[in-house]
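User: I would like to learn how to read a few features of a protein model. Could you take me through them one at a time?

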Amino acid sequence: MTLKSQIEQAARELGFSAFGVTDAEYDPVGHSKHQNWLSHGYQADMTYLERGPRQRFDPRVHLSSAQSVIVVAMNYYSKPNDDPQKGYISIYARGRNYHFVLQEKLKLLCDKIRELSGENASFKTYVDSGALAEKPLAVRAGLGFIGKNAVLIIPKTKSDTKRHPLGSFHFLGVIITDLRLEPDTQAIGTCGQCRKCIEACPTDAIVGDGVIDAAKCISYQTTQNKSDIPDGLAPLMGNMIFGCDICQTVCPYNSHIEETPEPAFKSLPELLNPDIQSLIQMDEAEFNSRFSQNSIGEFRFSMFKRNIEKVLKNIRNKFSGPLK
Ligand code: SF4
Ligand code: SF4
């Protein structure tokens, strides 16, 4: 077994469902696409996306001796909320905070790689952090392709092409290292003629192939926008308190996705079909204590409260009788 195969096996034993390697070269194509996206103002007020443009696409800005980049993905899917009279919390935010979970696993993987290689290799680990563009790295590492909904889609595993696609409900983890590992080739898969996500998006936020106008996106509005939600958009949130999964849920690549085997990503019971009346009574102290280990706990209580008020109004407008 090569060192790379042993590392992949160790990653799978830690629960990662996809694994790939790319070289640590600068990615001018990804950089140029990002600059183009910014030039249209599609980042809305996420000004942090304008900072450190080169470092997002150059692993050697993070580790000057870098030779390879390992990219892994972990399934977080579980059954979506299905009661329209209750609130909707995006699937990714209903379990334990994924930054904690994946960073712990990446650290274990780095320890294992040191043991397997017998070298005192250097590593830098990233989970949706550190101004590093992870999705283009995942594409280069052969994990999948970017769908029209701008998320990474894992079509099939290279080792088992008879399997169903793994889909897009995955968190990504990245390890930049000075170890030299054989790079993978790009994965096979495209959206083809499909436009389901574009047609299903309630706010027309998908403005091009893989291009999202954040200001129109419910996910941005409910988790990133610190100001008020525009009057024209609030009714389109429906019951979505935090995030939006519509453009992933309709995607045919997710039609056979299995529930995550990772216990940390199982939904907190209070976040699956949450009762709006009880959430609206929550104060900041209760919010902090209930969600400190959860992705929602990373966000401002005032935004959470604002979202609940919008959703309560939407649900009252839609269901004229008393709420369940
Ligand atoms: S997350 Fe929701 S609002 Fe945003 S692009 Fe997808 S479907 Fe549209
Ligand atoms: S719904 Fe269709 S167009 Fe959208 S990402 Fe999935 S395959 Fe691509």
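This is a predicted model: local features need pLDDT of at least 70, side-chain atom pairs count only at pLDDT 80 or more; totals for chains, interfaces and linings use all residues.

User: How many residues does the contact take from domain 1 and from domain 2?

Analyst: Domain 1 contributes 34 residues to the contact, and domain 2 contributes 37 residues.

User: Which ligand shell draws at least three residues from each of domain 1 and domain 2?

Analyst: The shell around ligand 2 does, with at least three residues from each domain. Its residues are Gly 147, Lys 148, Asn 149, Ile 153, Cys 191, Cys 194, Lys 196, Cys 197, Cys 251, Pro 252 and Tyr 253. By class, the shell around ligand 2 holds 7 nonpolar, 2 polar and 2 charged residues.

User: What classes of residue make up the shell around ligand 1?

Analyst: The shell around ligand 1 has 9 nonpolar residues, 1 polar residue and no charged residues. Among the residues around ligand 1 are Cys 201, Cys 217, Cys 244 and Cys 247, along with Ile 206, Ile 212, Ile 218 and Ile 246. Thr 203 and Ala 205 are also in this shell.

User: Now the helices. How is a packed pair described?

Analyst: Two packed helices are described by the angle between their axes and the distance between those axes. Here, helix α1 (residues 3-13) packs against helix α5 (residues 98-117) at an angle of about 150°, and their axes are 10 Å apart. That angle makes the two helices, α1 and α5, roughly antiparallel. Their crossing is right-handed.

User: Which residues of α1 and α5 meet?

Analyst: From α1 come Leu 3, Gln 6, Ile 7, Ala 10 and Ala 11; from α5 come Leu 109, Lys 112, Ile 113, Leu 116 and Ser 117. By class, this contact of α1 with α5 has 7 nonpolar, 2 polar and 1 charged residues.

Note on methods
Residues are numbered from 1 along each chain as its sequence is written. Chains are lettered from A and ligands numbered from 1 in the order in which they are written. Side-chain values use heavy atoms; hydrogens and water are left out. A residue is near a molecule or strand if one of its heavy atoms lies within 4 Å of it. Ala, Val, Leu, Ile, Met, Phe, Trp, Tyr, Cys and Pro count as nonpolar, Asp, Glu, Lys and Arg as charged, and the others, Gly among them, as polar. Domain bounds come from an automatic or database domain assignment. Axes are lines fitted to C-alpha atoms, for helices over the stretch in contact, and angles run from 0 to 180 degrees between N-to-C directions. Helices (H or I, at least four residues) and strands (E, at least two) are DSSP runs, numbered from the N terminus. Angles under 35 degrees count as roughly parallel, over 145 as roughly antiparallel, 65 to 115 as roughly perpendicular and the rest as oblique. A crossing is left-handed if the near helix is turned anticlockwise from the far one by less than a right angle, and right-handed if clockwise. Contact means heavy atoms within 4.5 Å.
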